[in-house]
Amino acid sequence: EIHIKEPIEKEVNPHLLPGELLLCEASTVYKYIQEDGSNRGTYGKLVCTNFKIAFLDDDSTSDDNEPQFKNKIVGENDITLQCVDQIYGVYDEKKKLLTGQLRKYPEKLIIYCKDLRVFHFCLRYTKEEEVKRIVSGIVHHSQTPKLLKRLFLFSYASAAPNNTDGRNQTVMFDTLEDWRDELERTKGNVKYKAVTVNEGYRVSEKLPLYFVVPICVSEESILKYEGRGIPIWCWSCHNGAALLKMSAFPKEQDDITSQTQKAFLDGIYKTISKAPYELLKTDDLSSSLPSLQDIQTAYTRFKQLFLIDNSTDFWATDVKWFSLLESTNWLEIIRRVLKKAIEVAECLERQHTNVLLIEESATDLCCVISTLVQVMMDSYSRTKSGFQSLIQKEWVIGGHGFLDRCNHLHKSDKEEAPVFLLLLNCVWQLVQQYPPAFEFTETYLTVLSDSLYVPIFSTFFFNSQHQKDTNTSGESLKTQSGPFRFLTVWDWSVQFDPKAQAFLNNPFYAEKPKPDKSQRKTARFKHQRQLSLPLTQTKSSTKRGFFREETDHFIKNILGKRIGKFINSSDEPPSSFREFYDSWHSKPVDYHGLLLPRIDGPEIKVWAQRYLRWIPEAQLHGGGTIATAAKILDLMEEVQSLQVKMDEEHSQAVSGDVHSVPLLRNSARLSSLFPFALLQRQSIKPALPTSTWKDLEDEDDLVKRDDEFVDLSGDMP
């Protein structure tokens, strides 16, 4: 049975951005609402532009249902072309992946998005000609290879008014002064210098215009191998030890070339190992961390757990949740990356040793580790402007290949790897373990990950500074007001109004360190799905879960707690590392000092807000961290108003520091995954697919037990 909402009679037109063109459309398209597994939905118009795919119904034009957290660029039913992951057509109830030319057109269209949304469109009631146009248009514009200049980024930049937010405090690191200021801030200017040798990109197109090297490194050395084999400065610790990175020489070389390069490297190492430089430790990340292919494979498996078509699929996978999660190996990769960052921090902090990270291009895992180390060791990097400046320095100017790694042009799947997403997942672990240490929230990290696929910002759409510069200065790209400028993602006013931006700022940020009042343990809430693996072996098996009997939830519950205590890690860190790690965790936390993430067993969790935000079954109504935040924000607002009354002359400064969120007042009506998911229906478990459900339903005491494992009862708290 299909519960039909009558087709809209009034004309609904899409809201087009500057430079956005309507390419094709289809009327009388039926969009399913899959939240409860029924066929309920609404009629509307499906359109495709050079920027997005959008579904328009009569609710699209009303302001009554507008969410509190609204993106001004991408609406609830909008999918940017870069956000489309895969498109399936349904033919006689069978799903088929759609790519290239189509001989037969489907009766139903399923679009899986990179932000993990899933859209179902029924085309049975749409005219045949319109079906052909819209399906062909969507597949062509979102799935086929394209030229860089065909990205909407260029259309928007040439048509949009050029008014950027001058209040943006993010350091862009595109000038020599920015690098010199950073050297001065970190006291690294005694041993390191900013160089201009790459002006005009005469050394290498992969290197930025300006970068920092040890003072003793000559210009001739930098020029000799196009910047390869040269230690490039990332950051200096308070004790003088520095974090460096190096682009390695190709491994397959003839003997004479290899010997020459080895002699060159030996000379560099000797130079930077002498006074005033500290001892040097090198770390080849290509051998000590998973490969980019391993990371891509793990994430591909991992995201499948959250691309849920309907409620039945959710509950079917819930029985095997732990083993499915473990078999992806994604959480294990996060743990290994965090462990590596702690090892580097130990060398810098305790051993006073310089660390040189080595990688083939020094633009992938080098970026991940150097960023994490700075977030852990430098409290400035835990402020919003500091973190944004860090991303600019290490990733955007540092030359991470966003265009290839995100596969924005659909040219090569071989180059694709979610390296930046891996970083955000690692930073999220720190944010959720030590909330008061960060000026930004997990919502900030979530919208930052979404911004990877919004092609109106240049931040995540080039492989290097050189590629951006050469594509900005062309004669054809001049506007009437002169050469255009790309927008930066750090101007959040482009996407969100001030009320929505309040969700990006952490009201509980510790302005001053208070070691005596440190809260070591974060609150744990009973979620529908356990977000971390039980305390089992840390090395993940790719074949089976730890427990042989997948479906026996009761055995999982007992054994997970009892046996887990006696399992030793197969990848046990060295004793010096363990001593450093345990010693730090035995002391009170200084939120403005060194932060070490907890990486043992279940401490590594799934980033619930990003991965579960579109799945109603995984939400707690009126519960979770948002309910706690609502009460505290109410109290803060009351204190604020009292302080204003007591001290009128400071009212403006005080009110500017407190981010009030009016909708939070009624916390009982919120979901735990607010602000992305507002009040949703109660979860309804489908008809039992196997006898397993009956066995689980009989365990009354299991359902009522307040433990930290999966709650399969289907009843929301």
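Helices (H or I, at least four residues) and strands (E, at least two) are DSSP runs, numbered from the N terminus. By this rule the protein chain has 24 helices and 16 strands.

## Basis and confidence

The structure is a predicted model, in which local features need pLDDT of at least 70 and side-chain atom pairs count only at pLDDT 80 or more, while totals for chains, interfaces and linings use all residues. Residues are numbered from 1 along each chain as its sequence is written, and side-chain values use heavy atoms, with hydrogens and water left out.

The term pLDDT denotes the predictor's confidence in each residue, from 0 to 100. Its average over the protein chain is 82, and 76% of the residues score at least 70. For residues 517-528 the pLDDT is below 50, and this stretch has 36 contacts in the model beyond near neighbours in sequence; a contact means heavy atoms within 4.5 Å. For residues 686-717 the pLDDT is also below 50, with 71 contacts in the model beyond near neighbours in sequence. Where pLDDT is low, the predicted coordinates should not be read in detail.

Among contacts in the protein chain with a separation of 6 or more, 74% come from residues 24 or more positions apart. Of the 717 residues in the protein chain, 56% are buried. Buried means under 20% relative accessible area, exposed over 50%, and partly exposed in between (1.4 Å probe, protein chains only).

An open sheet of eight strands runs in the order β4-β3-β2-β1-β8-β7-β5-β6, with antiparallel pairing. Two strands pair if DSSP finds at least two bridges between them. The edge strands β4 (78-80) and β6 (94-97) each pair on one side only. From one strand to the next, the twist averages 30 degrees. Axes here are lines fitted to C-alpha atoms, for helices over the stretch in contact, and angles run from 0 to 180 degrees between N-to-C directions.

Helix α1 lies across β1, β2, β3, β5 and β7, at about 110 degrees to β1. Why does the length of α1 agree with expectation? At 1.5 Å a residue, the 16 residues of α1 (residues 128-143) should span 22 Å, and the end C-alpha atoms are 22 Å apart; the expected span is 1.5 Å times one less than the number of residues.

## The four-stranded sheet

A further open sheet has four strands in the order β11-β12-β14-β13, and its pairing is mixed. Strands β11 (232-236) and β13 are at the edges with a single partner strand each, so one side of each has no neighbour in the sheet. Neighbouring strands of this sheet are turned by 25 degrees against each other on average, direction ignored.

Helix α10 (residues 330-349) packs on the sheet, touching β11, β12, β13 and β14, and makes about 145 degrees with the direction of β14. Helix α11 (residues 365-377) also packs on the sheet, touching β11, β12 and β14, at about 150 degrees to the direction of β14.

| Strand pair | Sense | Bridges | Bridge partners |
|---|---|---|---|
| β1 and β2 | antiparallel | eight bridges | Glu25 and Val47 |
| β12 (residues 242-247) and β14 (residues 354-359) | parallel | five bridges | Leu244 and Leu356 |

## Backbone geometry and individual residues

Most residues other than glycine have a negative phi, and most peptide bonds are trans. The peptide bond from Ala275 to Pro276 is cis, with omega near 5 degrees, and Pro276 lies in the loop between α5 (255-273) and β13 (280-284).

Phe173 has a positive phi, near 60 degrees. This residue sits in the loop between α2 (152-159) and α3 (176-185) and is buried, with a relative accessible area of 3%. Lys187 likewise has a positive phi near 60 degrees. Lys187 belongs to the loop between α3 and β9 (192-195) and is exposed, at 66% relative accessibility.

Asp413 is in the loop between α13 (402-405) and α14 (419-433) and is exposed, with a relative accessible area of 60%. Its C-alpha atom is 10.0 Å from that of Gln296, 117 residues apart along the chain.

## Cysteines

The structure contains zero disulfides, a disulfide being a pair of cysteine sulfur atoms within 2.5 Å. For Cys367, the nearest cysteine sulfur, that of Cys366, is 6.9 Å away. Cys367 is buried, with a relative accessible area of 0%, and Cys406 is buried at 11%.
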